[in-house]
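Take a look at it first, and then we'll go through it topic by topic.

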Amino acid sequence: MSRWTEADIPDQTGRTVLVTGANSGLGLRTAQVLAAKGAHVIMGCRSVQRGETARQTVRGSAEVLELDLADLSSVRAAAEKVEALDVLVNNAGIMAVPNGRTIDGFERQFGTNHLGHAALTWLLLPALRQRPGARVVTVASLAHQYGHIDFEDPNFDRRPYTLRGSYGQSKLANILFARELDRRSPDVTSIAAHPGLTVTELTNNMADSHKSLVLRVGGKISHLFSQSVEMGALPQLYAATSSEARGGQYYGPDGFNGFRGHPAVARMTAAARDDLAANRLWELTIKLTGIAPDLP
């Protein structure tokens, strides 16, 4: 794995990959790289117009699929259009947004970052099972380190809503889901990854007060700790393509505090390694989404 780069990605000809949030940032870079390596890339985007604009920058085979992870009816409709799939990259996400609800009434960050992706993954299992060696890559974050899942009140119906608490909960849920999926799925490999400290368009939807803080602090430290989108996408590309990537594992940059660098095994908190919590989250997700995966 030492200093793994895009040049180490094997030929992807004949493979089909769905990347959520592929119209910008890490998702677009992932789509561009995999298409250039020969894969057919399905770009899952909430806005078809933005998706089509992004598709013009992809050199290779690509198509846009309308997909709004904050709307389970959109997730179902999108999944029905995918017949066979080698890799699903659950990349899309929102961060530090004002308190709000998805179409289905879930808290926005938990509903979009976790519930939407979990539902999409479960609905795509039949398509993934058609391809030997199929993988699901779920993009988490260093923010899982301050995450806590309140199983009695995951949608902040009773407890005070905080930008940090909500985002941390959703990113912790991403890792727990990825690990539990790998444990339960004998024919689909599930891996988690994070991009380190990579500045992308993710800040566009932040609450204004939080955005100003991030940009002010980020401007001071970015030259020391942050990295480009090209580098930030490497861990999820590694998880999606490398023969050395292992199911149930978590990959991220190998530099100081996981901020930047080349792909390596990343540190998970004790909460992220909690198998009982992973199982409990799995059952809660079934209850909230109304989707029962065809898995043990």
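Two strands pair if DSSP finds at least two bridges between them. Helices (H or I, at least four residues) and strands (E, at least two) are DSSP runs, numbered from the N terminus. Keep in mind that this is a predicted model, where local features need pLDDT of at least 70, side-chain atom pairs count only at pLDDT 80 or more, and totals for chains, interfaces and linings use all residues. Residues are numbered from 1 along each chain as its sequence is written, and side-chain values use heavy atoms, with hydrogens and water left out.

**The sheet**

- Let's start with the strands: eight of them form an open sheet with mixed pairing, in the order S3-S2-S1-S4-S5-S6-S7-S8.
- At the edges sit strand S3 (62-66) and strand S8 (263-265), each of which pairs on one side only.
- From one strand to the next, the twist averages 25°; angles run from 0 to 180 degrees between N-to-C directions, and axes are lines fitted to C-alpha atoms, for helices over the stretch in contact.
- As background, strands of a sheet pair through backbone hydrogen bonds, either parallel or antiparallel.

**Strand partners**

- Strand S4 (residues 87-90) and strand S5 (residues 135-139) run parallel and are joined by four bridges; Val-87 has Arg-135 in S5 as its bridge partner.
- S5 also pairs with S6 in the parallel sense, over five bridges, and here Thr-138 stands opposite Ala-192 in S6.
- To get from S5 to S6 the chain passes through H5, and this β-α-β crossover is right-handed (with the strands pointing away from the viewer, the path from the first strand over the helix to the second runs clockwise).
- S6 and S7 run parallel too, joined by two bridges, and Ala-193 has Tyr-251 in S7 as its bridge partner.

**What's buried?**

- Buried means under 20% relative accessible area, exposed over 50%, and partly exposed in between (1.4 Å probe, protein chains only).
- In S6, four of its five residues are buried, so this strand is mostly covered.
- Helix H8 (residues 234-241) is mostly covered as well, with eight of its eight residues buried; among them are Leu-234, Pro-235, Gln-236 and Tyr-238.

**The nonpolar cores**

- A nonpolar core is a set of buried Ala, Val, Leu, Ile, Met, Phe, Trp, Tyr and Cys residues joined through side-chain atoms within 4.5 Å.
- The largest one here has 49 residues, and those with the most contacts inside it are Leu-18, Val-82, Leu-85, Leu-120, Leu-124 and Leu-128.
- Helices H3 (72-80), H4 (108-128), H5 (163-184) and H9 (275-289) each supply at least two residues of this core, and H4 gives the most, with 10 residues.
- Apart from this core lies another, of 34 residues, including Ile-9, Leu-28, Val-137 and Val-229.
- In soluble globular proteins, nonpolar side chains tend to be buried together.

**Zooming in on H4 and H5**

- H4 lies across strand S1 (16-20), S4 and S5, running at about 175° to S4.
- H5 lies across S5, strand S6 (189-193) and strand S7 (250-253), running at about 155° to S6.
- Thr-121 counts as buried because its relative accessibility is 0%.
- Leaving aside neighbours within four places in sequence, Thr-121 is in contact (heavy atoms within 4.5 Å) with Leu-88, Asn-90, Val-136, Phe-177 and Leu-181.
- H4 also packs against H9 at an angle of about 90°, with their axes 11 Å apart, so the two helices are roughly perpendicular to each other (angles under 35 degrees count as roughly parallel, over 145 as roughly antiparallel, 65 to 115 as roughly perpendicular and the rest as oblique).
- Residues making that contact include Phe-110 and Trp-122 of H4, and Leu-281 and Trp-282 of H9.

**Two loop residues to check**

- Ala-96 has a positive phi, near 55°, and is a residue other than glycine.
- This alanine, Ala-96, is found in the loop between S4 and H4, and counts as buried because its relative accessibility is 3%.
- Asn-257 isn't a glycine either, yet has a positive phi of about 60°.
- The loop between S7 and S8 is where Asn-257 lies; at 49% relative accessibility, Asn-257 counts as partly exposed.
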